[in-house]
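Student: Please take a close look at a single part. Then connect that part to the rest of the model.

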Amino acid sequence: MTMNKHFLQQQLAAADHRIKADLVIKNAKIIDVFTLSILSGDVAIHDGKFVGIGEYQGVNEIDANGRYVSPSFIDSHVHIESSMLIPSEFAKVVVPHGVTTVITDPHEIANVSGTAGIDFMIQNSKDLPLEVLVGLPSSVPSTPFENAGAILNAEHLEPFLAEKSVIGLAEVMDYPSVQKGADSMLDKLLMAKKHHAIIDGHGAGLDAHGVNIYATAGIKTDHECVNAQEAMDRLQRGMYVSIRQGSVAKDLLNLLPVVNERTARRCLFCTDDKHLDDLLTEGSVDYNVRLAIEHGLDPLLSIQLASLNVAECYQLQGRGAIAPGYEADFLLLNDLETISIHQVYKSGELVAEEGVLTSLNDQPVLENPALTDTVHVKNLTLDDLRLPVKGNQAHIIEVIPNSLVTNHLVENIQTKNGDFQPSLVDDQLKMLVVERHHETGNIGKGIVKGFRLKEGAIATTIAHDSHNIVAVGTNDEDLLCAIQAIEKMKGGVVIVKNQQVLSGLPLPISGLMSDLPFQDVLVNLNKLHDALHELEIADHFNPLLTLSFLSLPVIPHLKLTDMGLFDFHQFKHIKIDEDLV
């Protein structure tokens with residue numbers, strides 16, 4: 001609502017009882033996130049904003065029957081693409097979970113489709129009951145050690161700052177470029193500073209010295225902390241810590257001990273990357289709130305982390321609290337133990353009730369080859385998939401369940417005619433990253449441990465952050481079949497056994513998102529999980545999401561890109577048998 005003299009006069013009149021408020025909530029317990037207390041009284045709303053707490057009459061009145069009025073939740077960092085849904089479908093899923101605002105980084109689609117991808121995400125997010133605020137992708141590609149579908153510099157990004165929904169520069173993950181003061185990175189940082197935009201960080205593995213460098217650059221947040229010391233290093237240097245609980249990275253319980261009365265105002269909640277099925281069963285940041293309460297955090301403090309703290313961090317004036325002059329984004333909660341949500345309101349309008357969205361205008365999906373024709377692979381043969389190794393030892397990527405971090409192992413391996421042979425006994429599988437943007441013919445080849453796959457192969461175009469084709473399998477025939485199936489469906493996820501596709505989920509929008517309703521996507525996703533059981537894969541973590549992060553070179557310790565095996569600590573590619581013979 002645009003603020004003008006007449007609007008303000010009406011707000012003041014409603015606050016002063018000279019006119020009835022549009023809506024009044026009565027018989028409620030009001031959560032005050034400023035003082036962490038519970039108030040009593042009526043809550044008055046006029047033209048989408050709170051105008052008073054006390055005694056009020058309204059044109060419309062709601063009896064809360066003793067329920068809690070809480071500010072709605074804000075996800076401080078999320079990649080919508082990880083839900084495999086377009087924004088308008090994503091809104092249908094998260095709004096009933098009490099989330100009315102998200103800070104999103106569209107770098108997944110930007111790494112595939114460049115500025116066309118960013119524009120699609122902005123346009124498809126308009127006129128929703130979910131406010132989608134955008135941080136511009138800072139690192140496309142994330143490093144120079146892989147091939148992405150686009151290269152975005154400051155001159156490509158700056159025009160988007162004219163969009164009302166664009167509020168900052170998203171997670172800066174290319175730490176070496178920041179450290180060395182690379183021109184292209186400094187151009188983006190200075191662009192953000194010129195527009196008074198907040199700059200998000202991605203400081204995976206950074207020690208206190210690295211945090212000094214990040215903070216000096218003006219980077220204000222980090223969601224990559226995995227232990228209490230990392231969190232304290234950032235808090236002590238003036239950064240905000242976004243506590244993540246996603247589908248793979250589950251850091252909340254490790255970081256919760258850091259949250260106390262001295263630190264809490266610099267702590268936020270986020271999901272980062274969360275699959276559709278987890279969003280529907282667990283929730284969004286409402287799950288963070290609930291989990292924190294379950295493990296001893298004061299309920300009001302937990303709600304503060306998911307509302308006011310995020311609003312203040314991202315300079316969202318008048319958001320995140322039940323207070324006069326603030327946007328009327330709020331929840332009616334049945335209790336403070338399970339955070340059971342009765343109703344969700346956006347700008348004073350009911351948008352969800354008892355877990356169901358009340359209304360939403362679907363947004364059209366625009367036909368654009370930059371979005372729908374993004375899988376281009378040179379013809380492959382079995383010979384292309386061979387992995388020559390000198391000797392009988394190799395560097396191996398070991399999966400750590402429910403973590404983005406991997407272990408770097410050196411183990412004995414099986415070979416035949418000088419080529420690596422997968423071993424089910426030793427749980428050593430072949431992993432491939434096939435470049436799919438420019439038909440370079442690049443194939444990164446490595447060995448991964450931890451999937452416990454007994455048969456077949458898995459392949460997907462969800463491969464953070466450059467989103468080439470990533471595949472893991474027990475044999476080359478199934479790996480080749482899976483890659484060819486991915487190319488045929490123009491992106492998605494496939495499960496293969498005995499050179500037959502058991503299940504596939506097409507993701508025609510940049511190989512990342514479906515154009516179907518979320519209910520249909522869920523059906524197909526459940527079929528994928530059923531097919532995974534046929535391969536007898538490990539079931540104590542999400543194998544699909546885990547695979548999608550094994551090509552991300554900005555996360556410790558060993559990863560695989562289309563250009564080869566990548567050692568995070570040396571920040572360079574290494575040969576699979578380097579220094580082992």
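**One bridge and its surroundings**

Tutor: Start at I397, whose bridge partner in β23 is V448. The model is predicted, so local features need pLDDT of at least 70 and side-chain atom pairs pLDDT 80 or more, while totals for chains, interfaces and linings use all residues. Residues are numbered from 1 along each chain as its sequence is written, and side-chain values use heavy atoms, without hydrogens and water.

Two strands pair if DSSP finds at least two bridges between them. Strands are DSSP runs of E, at least two residues long, and helices are runs of H or I, at least four residues long; both are numbered from the N terminus.

Now widen the view. The sheet is open, has eight strands and mixes its pairing; its order is β19-β18-β23-β22-β25-β24-β26-β27. β19 (406–412) and β27 (500–506) are the edges, each pairing on one side only. From one strand to the next, the twist averages 25 degrees. Axes here are lines fitted to C-alpha atoms, for helices over the stretch in contact, and angles between N-to-C directions run from 0 to 180 degrees.

Helices lie against this sheet. α15 (residues 476–488) lies across β22 (428–434), β24 (457–460), β25 (469–473), β26 (492–497) and β27, at about 150 degrees to β26. α16 (residues 518–534) packs on the sheet too, touching β24, β26 and β27, with its direction at about 150 degrees to that of β27. Contact means heavy atoms within 4.5 Å.

Between β24 and β25 is a loop that holds D465. H464 and D465 are joined there by a cis peptide bond, with omega about -5 degrees. Another cis bond links P556 to H557, with omega about 0 degrees. H557 sits in the loop between α17 (543–548) and β28 (558–561).

Turn to another open sheet of eight strands. Its order is β6-β7-β8-β9-β10-β11-β12-β13, and its pairing is parallel. β6 (73–78) and β13 (267–270) each have a single partner strand, so one side of each lacks a neighbour in the sheet. Within this order, β9 (residues 166–172) and β10 (residues 198–201) run parallel, joined by three bridges. G168 has I198 of β10 as its bridge partner. α6 (residues 183–194) packs on the sheet, touches β9 and β10, and makes about 150 degrees with β9. α11 (residues 285–294) packs on the sheet and touches β6, β7 (99–104), β12 (240–244) and β13; its angle to β13 is about 125 degrees. The loop between β6 and α2 (87–94) contains M84. Phi of M84 is near 65 degrees, a positive value in a residue other than glycine.

On a 1 Å grid over the protein atoms alone, a pocket is an open set of points where a 1.4 Å probe fits, with protein on both sides within 12 Å along at least five of seven lines; lining residues have an atom within 4 Å of a point. Volume is the space filled by probe spheres set on the points, which are joined across faces, edges and corners.

The largest pocket holds about 1,000 Å³. Its lining has 35 residues, with E131, L133, K164, R319 and K346 nearest the centre. β8 (131–136) and β16 (349–353) are the elements giving two or more residues. The lining divides into 14 nonpolar, 11 polar and 10 charged residues. Nonpolar means Ala, Val, Leu, Ile, Met, Phe, Trp, Tyr, Cys and Pro; charged means Asp, Glu, Lys and Arg; the others, Gly among them, are polar.

The second largest pocket holds about 290 Å³. Of its 16 lining residues, Y175, A204, G205, L206 and F568 are closest to the centre. α5 (175–180) and α7 (208–216) each give two or more residues, and α5 gives the most, with three. This lining has eight nonpolar residues, seven polar and one charged.

Finish with the rings. There are nine aromatic pairs. Rings of Phe, Tyr and Trp (its six-membered ring) pair if their centres lie within 6.5 Å; planes under 30 degrees apart are stacked, over 60 edge-to-face, the rest tilted. F145 and F571 have ring centres 5.5 Å apart and planes at 80 degrees, so the pair is edge-to-face. F145 is in the loop between β8 and α4 (154–157), and F571, 426 residues away, is in the loop between β29 (564–567) and β30 (572–574).
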